[in-house]
Amino acid sequence: MDTYRILEYLRGNEGPAVLATVIAVEGHSYRKEGAAMLFLPNGGTIGSISPGCLESDLAERMPVILGDGSPEIVTYNMKPEEDPIWGEAIGCGGVIRVLLESVQGRLLTILRKAYLEVDSGRETHLVRERRGSRIRYSLVGGYVPTKPIARKHDIRNQLYKSIFVPRPRMILFGAGQDSIFLNLTLQRIGFRVVVSDWRTDLLTSERFPGAELVSGVPREIVHSLVVGRDDYVVVCSHQMRQDKEFLRFVLPIRPAYIGIMGSRKRIIHLLDGLPVTPNVYAPVGLDIGAEGPEEIAVSVAAELIAVRASKKTTALREGAEDAHSGYLFSGGAEQENGLSQNIR
């Protein structure tokens, strides 16, 4: 979620910055391994790795990181019984290790290339290998199992591998009031949103900032977008004939998720005679008693987060152990909590 925003920023900005990446977690933590944020020289940030507990301390380290360009690993122990400073003050109960890197030179070039890959719909991996006090960076495209990576790279010196994946595409069929709030909410949780409708007067960038706009009848929309099994879809035009026609074309494709907005009675009529598969969520959204387009957007977002997390868990269970996690090969003695470890 934050990673794409970081890559997007680095694509068009030259100024020095510091990338903070969570590379190891023991016990409870606000964010998991792979979470990242960018510290900007003007004091701004992109992304987060904690609810605000660690950011100030990490920001204080920024001048040193930028000064000599050497990466560091900082360890924070949030266990009250073990650390009298961080544990007593925060008390989350976990241990978090954060890698700090100066984003300039080779790393900046690599991250810009990663943006182009991800923006083109291709997964890419940032591989880090220790080289004395520095890190050697390289990109590996797509999912690559552990053994081929070990042959191509020196796995003994591999520090952490970040996975950059394309934002999943969400297709909203219907450009009414519901879609205005869905567009804003779903973009914030990491979706690339497409709004489609046959009513061209509703498809404006003012109504749907940041979204791709596609006009046409259901058949034209499904074909022009080349809807596939990795796509997410919400049917929300509130026009019975148009919604049913759209479902007739999209259901056989079996996208990752099809949410249908409306009452249960309406949905029964919509799906009558159509093949219903487990990827259909109708009515759309978690049942939280939502009313109005803003609350409905929240319920849909919550359901999508759960569905997306379930797919990640399934991928891990099916043997893609490194598909959504990195490698950490710690070196040297364990550092005191809250202290930094140079990459030596």
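The model is predicted, so local features are given only where pLDDT is at least 70 and side-chain atom pairs only at pLDDT 80 or more, while totals for chains, interfaces and linings use all residues. Residues are numbered from 1 along each chain as its sequence is written, and side-chain values use heavy atoms, with hydrogens and water left out. The protein has 11 helices and 15 strands, where helices (H or I, at least four residues) and strands (E, at least two) are DSSP runs numbered from the N terminus. Of its 344 residues, 47% are buried; buried means under 20% relative accessible area, exposed over 50%, and partly exposed in between, with a 1.4 Å probe and protein chains only.

**Contacts and nonpolar cores**

- Among contacts in the protein with a separation of 6 or more, 61% are between residues 24 or more positions apart; a contact means heavy atoms within 4.5 Å.
- The largest nonpolar core contains 27 residues, and Leu38, Val103 and Leu111 have the most contacts inside it. Such a core is a set of buried Ala, Val, Leu, Ile, Met, Phe, Trp, Tyr and Cys residues joined through side-chain atoms within 4.5 Å.
- Two or more residues of this core come from each of the helices α1 (2–11) and α5 (105–119) and the strands β1 (17–26), β2 (36–39), β5 (95–103), β7 (134–141) and β8 (158–164). The most are given by α5, with 7 residues.
- Beyond its neighbours within four places in sequence, Val103 is in contact with Leu10, Pro16, Ala17, Val18, Leu19, Leu38, Leu108 and Leu111.
- A second, separate core has 25 residues, including Leu172, Phe208, Val284 and Leu304.
- In soluble globular proteins, nonpolar side chains tend to be buried together.

**Packing of α1 against α5**

- Helices α1 and α5 pack at an angle of about 115°, with their axes 9 Å apart. Axes are lines fitted to C-alpha atoms, for helices over the stretch in contact, and angles run from 0 to 180 degrees between N-to-C directions.
- The crossing of α1 with α5 is left-handed; a crossing is left-handed if the near helix is turned anticlockwise from the far one by less than a right angle, and right-handed if clockwise.
- On the α1 side, Tyr4, Leu7, Glu8, Leu10 and Arg11 meet Leu108, Leu111, Arg112, Ala114, Tyr115, Val118 and Asp119 of α5.
- By class, this contact of α1 with α5 comprises 8 nonpolar, no polar and 4 charged residues. Ala, Val, Leu, Ile, Met, Phe, Trp, Tyr, Cys and Pro count as nonpolar, Asp, Glu, Lys and Arg as charged, and the others, Gly among them, as polar.

**Helix α8 and its surroundings**

- The axes of α8 (residues 218–225) and α9 (residues 240–250) come within 8 Å and cross at roughly 35°, and the crossing is right-handed.
- Pro218, Arg219, Ile221 and Val222 of α8 meet Gln242, Glu245, Phe246 and Phe249 of α9. The contact of α8 with α9 has 5 nonpolar, 1 polar and 2 charged residues.
- Pro218, Ile221, Val222 and Leu225 are buried in α8. Seen down the axis of α8, the buried residues fall within an arc of 95°, so they line one face of the helix; the arc is that of the directions from the helix axis to the C-beta atoms.
- The cover over these buried residues of α8 includes β9 (169–173), β10 (192–197), β11 (212–215) and α9.
- On the other side of α8, His223 and Ser224 are exposed.

**Loops and backbone geometry**

- Most residues other than glycine have a negative phi, and most peptide bonds are trans.
- Val226 has a positive phi, near 50°, and lies in the loop between α8 and β12 (232–235). Val226 is exposed, with a relative accessible area of 63%.
- Asp230 is also in the loop between α8 and β12 and is exposed at 66% relative accessible area. The C-alpha atoms of Asp230 and Met170 are separated by 9.5 Å, although these residues are 60 apart along the chain.
- Arg254, in the loop between α9 and β13 (257–260), has a positive phi of about 60°. Arg254 is partly exposed, at 37% relative accessibility.
- Ala282 and Pro283 are joined by a cis peptide bond, with omega about -5°. Pro283 is placed in the loop between β14 (280–281) and α11 (292–317).
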